[in-house]
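Please read these notes with the structure open beside you.

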There are 2 protein chains.
Amino acid sequence: MSNDLEEDEEKVKALLSTNKKEIDNLILNFLPQTHRAPEISKLYEMMRDYPSRGGKGLRGTLCILWCEMFGGRMDTALITAASLELFQNWILIHDDIEDGSDMRRGAPALHKKHGVEISINVGDALHGKMWELLIKNGDLIGPETAIKILSEFSNMLNETTEGQQMELSWTVNNNWDIREEDYFLMVTKKSAWYTCISPARMGVILASAERSPVIPRDVVGWEKDVLDRLISIGLDLGISFQIIDDVLNLTADESKYGKEILGDIYEGKRTLMLIHLLEHADQTSRSKIVNFLSKKRDEKNDEGVQFVFEKMKEHGSIEYAREFARKHSERALKQFDKLCADYKIKESEARVTTRSLLKYMTTRDY
Amino acid sequence: MSNDLEEDEEKVKALLSTNKKEIDNLILNFLPQTHRAPEISKLYEMMRDYPSRGGKGLRGTLCILWCEMFGGRMDTALITAASLELFQNWILIHDDIEDGSDMRRGAPALHKKHGVEISINVGDALHGKMWELLIKNGDLIGPETAIKILSEFSNMLNETTEGQQMELSWTVNNNWDIREEDYFLMVTKKSAWYTCISPARMGVILASAERSPVIPRDVVGWEKDVLDRLISIGLDLGISFQIIDDVLNLTADESKYGKEILGDIYEGKRTLMLIHLLEHADQTSRSKIVNFLSKKRDEKNDEGVQFVFEKMKEHGSIEYAREFARKHSERALKQFDKLCADYKIKESEARVTTRSLLKYMTTRDY
């Protein structure tokens, strides 16, 4: 890694950490704390669990940066950014149940602590709080812009649940004949929208409602064009982000990572590496791998997991995925540069930092 | 039952059925049907399952009637009414998992057909569609009123998840020392808000935004006063409604009821009858009942269920609950009449029908 890139990365990490603190403050002040009924106080405590566990604050920061880059103020985007983080938190509670994940951010998943029944309801309660915060946003940004942001959230949720359904149905139906194009549709829906596309679009919508000084007044129809282009940029970036996330599940430093290394193989997750492996392994290995992955989680032993991992390395599946992610990340950055050039967006700090963050999302090591 | 009351009831049932059809049409046209990815088409099919199963359309009709009674048009309330029914549908998907219910509206519960994992996500997807519909509502009623209605929904969801948490925590912690006041707080939150209070308030908000011709222009501050009084009316009515619902679980005609008769005893549900019984049974019976109810559902036999049921009859618990419901229903209707008198609301068809529906909700036999 070059010194410049390292310096960029340090800056990005510092910014993420600063923003995360501000977002967390907002969320933890907003969420209720106690109720005269002890059962409800307990609910509040569980709702505060995932939001208190940390996380990178990527999605909220992306929204703030895109808003600033287009001339909006950070304050305008803060509630929306916090709502994005709430989205991440409630949906992880449900995802962890659906995917059978035991750990989240270095601690047991919520349903491992409180059971599935209670945790479904905690997720719903936190989900409700997300909408409540977005509705209150109307006081800050006016009802019309609030409705626009609400609409983006609703679309984001549609995409995410559709992506989750695709992935879940592969697991439930024990389907291993996944084509790359199925995988890309799933990842676009399950991950690219809420991680990249929607946060960026929301930032630009908020800046535009503030009558962004970055875009000259005589430029007509820019908002729609930019929002459209953000789908394309966010798609490349989001796929790349998810692939790197899955690669890190195999190769990251466990102390930094917070989840179980190789956990995806235990869970039988369909990743680009696995799809590549299943396409390239000989018939005997393929059968052995599919048989092993089809077992229930607690019937899988470490040797089997290691076998799958070794086969991935043997067939260059991890390198293939890394290269794929690199190409898509590069394509996203090219589109980003063209967008900036086309709209003559000056090299502000926000523009430089946004670009660094986009780059970081696909080069990070945890 | 007097002839007048029977006639009223027939009218109410006819109205519910007409409104339900219109609401169902709106919902089933709104929900997506097919997608090029077969997994997502399957998701859409599952999302349409509960909304296609029928149900009474009580909450939607209540919203429409309150809107009309205050001078608003049915069309203004239709999207909100449909969203109330969507609320009922998505939350039942999750409730059925959380409460371990096997049947819903005469057919297997969704998670019995597709598994818990998939069904949690179907519930979330349908939940998202509810907000999407409410956001689109802005095109019909304007962004400011849309935000007000969204805010009512958010509050309704907070109450409902808090009520659900209370009830779930009693089950999970095997807690049988429930006081009546705990029970009433739970029922208020879990049932009264979304069944009675919120639909009525939304109807009035919509009528008010249409500049209701029912209330003279020189009456100031009426909306706030009416909305406050609807909390009190809906609370009495909602508690009464839920008690009758629980009584029907013991005594209804199974062919009309759609759920399993005595299912609440199998599920160990804390009802007013059960709380009354546990307070009045002698120590030996109480221990026997608590021991039996603490068993897992599939370890409970019919004899034990019948024993609990007989003890309820012996101690007059069912009569006690019925009388309690009757008193609260009467108090709700008295407040309703006073509200109409105070605001000089004329004896319109909407007013008469609203009163009949409120009465029907606590006198129905299924």
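1. Is His114(A) buried or exposed? His114(A) is buried, because its relative accessible area is 19% (buried means under 20% relative accessible area, exposed over 50% and partly exposed in between, with a 1.4 Å probe and protein chains only). This residue lies in helix 6 of chain A, residues 110–114. Helices (H or I, at least four residues) and strands (E, at least two) are DSSP runs, numbered from the N terminus. With neighbours within four places in sequence left aside, His114(A) touches Lys42(A), Met46(A) and Ser119(A), where contact means heavy atoms within 4.5 Å.

2. A word on the source. The model is predicted, with local features needing pLDDT of at least 70 and side-chain atom pairs counting only at pLDDT 80 or more, while totals for chains, interfaces and linings use all residues. Residues are numbered from 1 along each chain as its sequence is written, chains are lettered from A in the order in which they are written, and side-chain values use heavy atoms, leaving out hydrogens and water.

3. Chain A as a whole. Chain A has 17 helices and two strands. Its radius of gyration is 21 Å, close to the 21 Å that the globule rule gives for 366 residues, so chain A is as compact as a globular protein of that length. The radius is taken over C-alpha atoms, and the rule is 2.2 Å times the number of residues to the power 0.38. Of the 366 residues of chain A, 61% count as buried.

4. The two copies. Chain A is superposed on chain B by a rotation of 180 degrees with 0.0 Å of shift along the axis, at an RMSD of 0.0 Å. The copies are therefore related as by a two-fold rotation axis.

5. Helix 8 of chain A (residues 143–172) packs against helix 2 of chain B (residues 38–47) at about 110 degrees, with the axes 9 Å apart. That makes the two helices roughly perpendicular (65 to 115 degrees; under 35 is roughly parallel, over 145 roughly antiparallel and the rest oblique). Axes are lines fitted to C-alpha atoms, for helices over the stretch in contact, and angles run from 0 to 180 degrees between N-to-C directions. Among the residues in this contact are Trp170(A) and Tyr44(B).

Definitions and conventions
Copies are superposed by least squares on the C-alpha atoms of residues with pLDDT of at least 70 in both.
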